Amino acid sequence: QHLNIADVYCKLMPYLSPFLTQPIIQIEKELVLLSVLKEPVSRSIFDYVLRSKDIVSLFKHLVMRQKKRIGVITECPPPEDPAVAQLLKKLLSQGMVEDEEDKLLALKDYMLKSHKAKANVVDQNHLSDGAQKGMIDLASLGIQGRQFDMVRAKQEPEDRRARRHVKQDSNMNEEWKSMFGSLESSAISQAVPKGLIPANEQEVLQAGQSVHSESLPSITAPASSTVQPLEVGGGQIRKPSLQPVSGAIQPLTYHRRITTSKTELQQLLKQKQEQYSAERVAKAAMENAEWEAKSPPPGWRPKGLLVAHLHEHKSAVNRICVSDEHSIFATCSNDGTVKVWDSQKMEGRTTTTRSILTYSRMGGRIKTLTFCHGSHYLAAASDTGTIQLLSIETSKPPKSPKIQPLQSRVLDQKEDGCVVDMHHFSSANQPVLSYATVSGSLVGWDLRSATNAWTLKHDLRLGLITSFAVDIHQCWLCIGTSNGTMACWDMRFQLPISSHSHPARARIRQLLMH
């Protein structure tokens, strides 16, 4: 219906003609087209071939039979495999003729793919209950899992552990000490270098306990210390003793080396612990927040006390964003700068406060910003279409705080336009930075893979997007437009569910969750 008449008869008809019993003119009518279609392949023959294990060999033999019919080859030898011969005999008994063979060969690729897909499926009768519910047992596949507790455990001090070992050693009686040795003697035996112990004594030590070179401390021993050999006489063995002689040697130093991968893994685990703790505190604070619905007492008036006067920006301030921990907050302005402030310094004692960080390498006017992962990262967007993810390190003195870019993205000004608002959208442990553009696009930027996790298209007939707010549980978000319309989207299915309009059709400046 949507093609030109020339394209229908020149391009489409050659593909349809092998399946038609006679040529037709009214090809656009469904009833006419169905009435002239050839009879399909028999269902019994199709299912029998599809379930056969020798389907590949069968198709090879059917190709040979087809070549003989069209005259390419003179003779078609019978199949060498008796299983294929039995299968062909069974199909002929079910009524397979030459037309049926041609139809099967036309469906060759589809049937081979279907047969391969069914062969790769594991028998459901041998699956466990967990696998039938969509769960994969990694232990059955030989994959060992690793578990790391995100909540930090309290570490025992070194002096307490030392006192515990001394207490255990003091509880041992003299007979046990003579039989097994005490903790102090084992520590001394580990501290003695291997070169100062005779070969026989080394074998005794190796049989009793393993000496780890990584835990050997630095020691100082006499330079000419001599060791008396083991003497065996009368069935008694006397242990060797060290006899100090004048002179001293330099202390032996043993270095413990740790691979860089292990160090990076420890740093990553520490960072994830801090991030998890901050997110858990922020989520608990937001979920347990209670808003007082009662009105203030009669005669109450705000005092209007000036806490701080921030005057570092040289142009209009477009957005103020507070971190989840309320420890810092950030501002952006038309002067092209992003400034980070310390909330703890604003206690009302002074009326001026300086920012702790300033970033001015984006270009253009900074229109919006938001915090990501608590207060560790900050995302900002300018009117030039640039979005940058900044890393914030608010170190305590004497270390100075740092801010540096991690990722960036530049939008097409003609297709997307600039960003009007953005929020951190983290669902199912997937860090996503969501932003809205002038063209009506809602995009979820996956910060791990630097690709789009999802893209939603807003209907511009409802007005241009001016702001949007995300639910605490991140199940839905609400969009505010220039025509006073608030549209709600279900983020589980990524579909619009409802819309409401302001009575006066007034422009919506900002949306906030309450």
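Ile 479 stands opposite Ala 487 in strand 19. This is a predicted model, in which local features need pLDDT of at least 70, side-chain atom pairs count only at pLDDT 80 or more, and totals for chains, interfaces and linings use all residues. Residues are numbered from 1 along each chain as its sequence is written, and side-chain values use heavy atoms, with hydrogens and water left out. Helices (H or I, at least four residues) and strands (E, at least two) are DSSP runs, numbered from the N terminus.

**Strand 19 and strand 18**
- Strand 18 (residues 476-481) runs antiparallel to strand 19, and five bridges join them; two strands pair if DSSP finds at least two bridges between them.
- The two strands form a hairpin with three residues between them, and Gly 484 in that turn has a positive phi of about 85°.

**Strand 19 and strand 20**
- On to strand 20 (residues 495-501): six bridges join it to strand 19, again antiparallel.
- Ala 487 stands opposite Ser 499 in strand 20.
- This hairpin has four residues between its strands, with Gln 494 in the turn showing a positive phi of about 55°.

**Cover over strand 19**
- Strand 19 (residues 485-490) is mostly covered, with five of its six residues buried (under 20% relative accessible area, 1.4 Å probe, protein chains only; exposed is over 50% and partly exposed is in between).

**Asp 412**
- You will find Asp 412 in the loop between strand 12 (402-410) and strand 13 (419-427).
- Asp 412 is partly exposed because its relative accessible area is 35%.
- Thr 384 is 28 residues from Asp 412 in sequence and 9.1 Å away in space, C-alpha to C-alpha.
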